[in-house]
Amino acid sequence: MPQGLIGRKIGMTSVFGEDGKNIPCTVIEAGPCVVTQVKNAETDGYAAIQLAYDDKKEKHTSRPMLGHFKKANTTPKRKLVEFRDWEGLQLGDVVTVDLFANDNWVDVVGITKGKGFQGVVKRHGFKGVGGRTHGQHNRQRHPGSMGASSFPSRVLPGKRLAGRTGGDRVKIINLRVLKVIPESNLLLVKGSVPGAKGSYIIIEK
């Protein structure tokens, strides 16, 4: 994973571009993140840093994790993420949204909204079967034929069917950074990002 930050999705808004067009964008609270562990090839087998984000109460933190955060001289955090091949940082350093000040594009990783059990029309975009009138009202959103009849007499593996939808880890690549607001730790990126309001996301350079 390249350099980046942990953040939280605040919501969506829109801004006007230089050409006067209204651009939809997502507001992200990116950091500040604290370095809580530094890994290297000699002791851990690979080089990486661990960033922590979002304070939480000590009474809700296990004793091993309290000791882990105490080594970095920071308060307990809710979200921990590793970033590989990132050098030049020490234990306890703070990384802010200024990391993206000179970048025009970022990748965003998030968990999509969970939709629960859904049918094939919503889950896979099936057209549905049957008409919309003349009394044909009980098969409109059904999947239709499942395949052959007497042979092989079964539904083949991989058939797109109804099931649980959403709740997947999704990465959106090449989102344009519209604005960085360091004093508020805010990052405005063009378009939408996965997840509900308030959910944790990872922003990669």
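Is Met146 buried, exposed or partly exposed, and what is its relative accessibility? In this predicted model, the value is 37%. Met146 therefore counts as partly exposed, because that class lies between the cut-offs of 20% and 50% relative accessible area.

Now place the residue. Met146 sits in the loop that runs between helix H3 (120-124) and strand S9 (163-165). Met146 also belongs to a nonpolar surface patch, together with Val155 and Leu161. The accessible area of the three together is about 220 Å².

Turn next to the strands. Strand S10 covers residues 169-181. S10 pairs with strand S7 (residues 105-111) in the antiparallel sense, over 6 bridges. Look at Ile111: opposite it stands Arg169 of S10.

S10 has another pairing, with strand S11 (residues 186-190). This pairing is also antiparallel, and it runs over 4 bridges. Here Ile181 has Leu186 in S11 as its bridge partner. S10 and S11 form a hairpin, with 4 residues between them. Asn185 lies in the turn and has a positive phi of about 60°.

One more strand deserves a look. Strand S12 spans residues 200-204 and contains Glu204. Is Glu204 buried or exposed? Glu204 is buried, because its relative accessible area is 2% and the cut-off for buried is under 20%. The side chain of Glu204 has a polar contact with the side chain of Lys171, at 3.2 Å.

Key. Residues numbered from 1 in each chain as written. Predicted model: local features only at pLDDT ≥ 70, side-chain atom pairs only at ≥ 80, totals over all residues. Heavy atoms only, no water. Patch = residues over 30% accessible without salt bridge, like charges linked within 9 Å, V, L, I, M, F, W, Y side chains within 5 Å. Areas by Shrake-Rupley, 256 points an atom, 1.4 Å probe, with all protein chains shown as cover. Salt bridge = Lys/Arg side-chain N within 4 Å of Asp/Glu carboxyl O. Helix = DSSP H or I, 4+ residues; strand = E, 2+ residues; numbered from the N terminus. Buried < 20%, exposed > 50% of the residue type's maximum accessible area, 1.4 Å probe, protein only. Pairing = 2+ DSSP bridges. Polar contact = N/O pair within 3.5 Å; in protein donor to acceptor, adjacent residues only side chain to side chain.
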